[in-house]
Amino acid sequence: MVIIQQKKILAVEGDDEINFFEALFRYLGITNVEIYQVGGKDQFKNKLPALVRTTGFLVNVETFAVIRDANGDAKAAFNSIKDILKKQNLNPPDRVNKFSESVLKIGVFIMPGRSEEGMLEDLCLSTVKDNPIMQCVDDYINCINKLGEYPKNLAKTKTQSFLAAMPKIAKSVGLGAQMGYWNFDSEVLVELKLFIENFR
Amino acid sequence: MKKVNTMFESISIEGLRVLKKISIDDFQQFNLFVGSNNCGKTTLLEGIFLLSSPTNAQLPLKINRFRGINFIDDYTWRLLFKDLDINSNIKISGELKKPKETRKLVIKPNKDESIKYTSIAKEGADKGLIDIKNSYSESASAIGGLIFEYSIKGNRIRNHKKIITKIFRKGDDLEIVSPKSYEEILQAIFINHNTIFGDVGKRFNDIQIKKQTGRVVNVLNKIEPSLNSLISGTDGVIYFDIGLERMLPISVMGDGIPRILAIILAIADTQNGIVIIDEIENGFHYSSQDILWNAIINSAKEFNVQIFATTHSLECVKAYSSAHSRLYPQEDDLRLFRIERRKDNFDIICYDNTLLESSLDSNWEVR
């Protein structure tokens with residue numbers, strides 16, 4: 001059974017996010033952050049209250065953040081997390097992608113950021129938008145569109161296509177991050193990096 | 001059977017043993033306490049027990065005895081007080097549901113009865129189980145006993161005057177001054193590893209007299225479907241019938257079933273009351289925890305009893321959650337409370353069964 005021993009805790013949707021943020025923290029030189037996944041966006045409601053009750057949380061944690069995808073509505077995603085945290089008598093931030101200032105500092109970031117719709121995959125694709133391979137990815141999408149195939153989740157299809165072009169194929173966006181295929185120097189990550197600096 | 005739901009909804013304890021101040025609300029029918037050693041779990045149970053029978057002045061001696069303290073001297077009384085400090089009273093209050101009432105109990109040192117004891121050790125008090133000793137030291141002021149000041153607010157009681165009970169030493173005996181007009185509606189039993197088999201024979205007799213044996217058999221049937229009946233032999237042994245040519249003594253079932261039976265009998269004998277079980281997992285193999293909770297939940301529902309228990313065992317917590325989910329998936333009447341102690345601060349982390357399942361599913365520690 002897992003006991004929380006660190007002062008810095010991040011809650012994310014799934015394994016892919018764990019892999020992505022582990023890589024990003026490593027890249028930024030931020031250490032000692034424990035990352036927990038809730039098992040999908042629909043599980044925040046059950047899992048966040050459980051996570052903040054885990055043995056060691058109350059005693060040890062000083063900085064706690066939740067990062068989830070906006071999907072169709074960034075504002076609704078933020079409010080949903082905020083409500084869950086408030087019900088646990090915690091003090092979430094009033095504004096998205098910010099931290100609250102209290103004994104337990106709490107932050108909520110909605111990906112891809114800038115209050116846009118989307119998800120982690122959109123953010124990753126944005127970091128490589130100038131990569132020549134992306135033209136091939138767009139051409140591929142156009143090609144299948146002409147055949148009458150319209151991928152249900154375009155961002156996921158594009159990331160898979162992009163990763164398929166890499167020297168060693170990464171099966172997911174998180175593993176792609178672990179293998180250094182996304183551009184962590186990209187300007188599109190500025191807002192996320194600013195948020196994550198709170199873990200330093 | 002009329003159900004009266006005489007359940008505790010909340011409790012607040014101040015100055016009892018290690019507990020400087022602790023408050024818990026949201027008690028349900030099933031309440032399991034976890035937490036590290038010396039976080040106050042057993043003391044919390046003792047507080048609930050004291051408030052269940054707040055005019056029974058012998059209870060402090062009983063709860064001492066549960067901890068293996070089988071003697072009385074001025075130090076024995078002090079053991080109840082935080083840091084042995086008799087200048088601060090013990091305060092226990094709680095809310096009952098149906099009849100809705102608030103109970104307040106203040107336990108004070110009986111300084112008036114402080115005397116310099118001259119005689120030494122005497123057997124005989126409290127059914128011969130307690131040894132009265134004299135260890136009065138000139139360096140500390142002695143107390144001769146305790147004073148219970150109890151008050152209730154609620155529809156049941158019109159007169160809200162304080163009810164006073166006293167227990168103190170008089171010579172080499174214990175003297176108890178009890179209120180005449182107060183009738184307690186709650187019944188509570190405290191079980192721990194050492195006392196679990198203590199009253200089994202008596203409880204089974206009570207249950208037979210109350211014609212409740214069939215209901216106990218019904219509960220046991222869910223564990224052992226072939227069990228037809230239970231009887232008490234003249235030898236004091238409980239025998240069971242599983243359709244063989246003769247009945248078998250319960251002891252042949254190993255240690256687990258007799259323990260489960262002892263708990264079921266306590267529950268059946270405390271109908272509409274409270275059963276308190278310290279370190280409930282003791283004596284049970286980890287694989288039997290599910291059977292144990294199955295029996296406890298079934299019998300507590302059958303006899304309308306509120307359960308308070310403590311454990312250190314993860315298997316016990318898992319079985320508690322899964323047995324309840326399986327038996328009563330629609331009912332939100334289970335709680336797990338973790339007590340987190342930081343010096344003299346006690347934080348309570350409360351889980352309902354949905355949260356508990358979420359934590360166990362993710363392998364996040366709840367104890």
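View 1. Of the 16 residues that line the second largest pocket, A:Val52, A:Phe57, A:Leu58, A:Gln88 and A:Leu90 lie nearest its centre. The model shown here and in the other views is predicted. The space in this pocket comes to about 460 Å³. Two elements each supply at least two residues of the lining: helix H3 (57-60) of chain A and strand S19 of chain B. By class, the lining of the second largest pocket holds 11 nonpolar, 2 polar and 3 charged residues.

**View 2. The interface of chain B and chain A.** On the chain B side, 20 residues are in contact with 16 residues of chain A. Three residues, B:Leu355, B:Trp364 and B:Glu365, supply 42% of the area that chain B buries against chain A, more than any other three residues. The size of an interface is often given as the accessible area lost when the parts come together. For chain B and chain A the buried area is about 1,600 Å², and carbon and sulfur atoms give 61% of that area.

**View 3. Polar contacts and a salt bridge between the chains.** Between chain B and chain A, 11 residue pairs are in polar contact. The rule finds 1 salt bridge across this interface. Which residue of chain A forms a salt bridge with B:Asp361? The partner is A:Lys47, and the closest N and O atoms of the two residues are 2.9 Å apart.

**View 4. The elements of chain B that touch chain A.** Strand S18 (334-342), strand S19 (345-352) and helix H9 (353-362) of chain B are the elements that give two or more residues to the side touching chain A. Helix H9 of chain B gives the most, with 7 residues. Sorted by class, this side of chain B has 8 nonpolar, 5 polar and 7 charged residues.

**View 5. The largest cavity.** Rolling a probe the size of a water molecule over the atoms shows where empty space is left. In the whole structure, a search finds 3 cavities of 30 Å³ or more. The largest cavity has a volume of about 50 Å³. Its lining includes B:Ile191, B:Asn192, B:His193 and B:Ile196, as well as B:Arg259 and B:Ile263. Also in the lining are B:Ile277, B:Asp278, B:Glu279, B:Ile280, B:Asn282 and B:Phe284. How many residues of each class line this cavity? The lining of the largest cavity has 6 nonpolar, 3 polar and 3 charged residues.

Conventions. Residues are numbered from 1 along each chain as its sequence is written. Chains are lettered from A and ligands numbered from 1 in the order in which they are written. This is a predicted model: local features need pLDDT of at least 70, side-chain atom pairs count only at pLDDT 80 or more; totals for chains, interfaces and linings use all residues. Side-chain values use heavy atoms; hydrogens and water are left out. Contact means heavy atoms within 4.5 Å. Buried area is the accessible area (1.4 Å probe) that two parts lose on being put together, summed over both. A salt bridge is a side-chain nitrogen of Lys or Arg within 4 Å of a carboxyl oxygen of Asp or Glu. A polar contact is a pair of N or O atoms within 3.5 Å; within protein, one must be able to donate a hydrogen and the other to accept it, and residues adjacent in sequence count only if both atoms are side-chain atoms. Helices (H or I, at least four residues) and strands (E, at least two) are DSSP runs, numbered from the N terminus. Ala, Val, Leu, Ile, Met, Phe, Trp, Tyr, Cys and Pro count as nonpolar, Asp, Glu, Lys and Arg as charged, and the others, Gly among them, as polar. On a 1 Å grid over the protein atoms alone, a cavity is a set of points where a 1.4 Å probe fits but cannot get out, and a pocket is an open set with protein on both sides within 12 Å along at least five of seven lines; lining residues have an atom within 4 Å of a point. Grid points are joined across faces, edges and corners, and a volume is the space filled by probe spheres set on the points.
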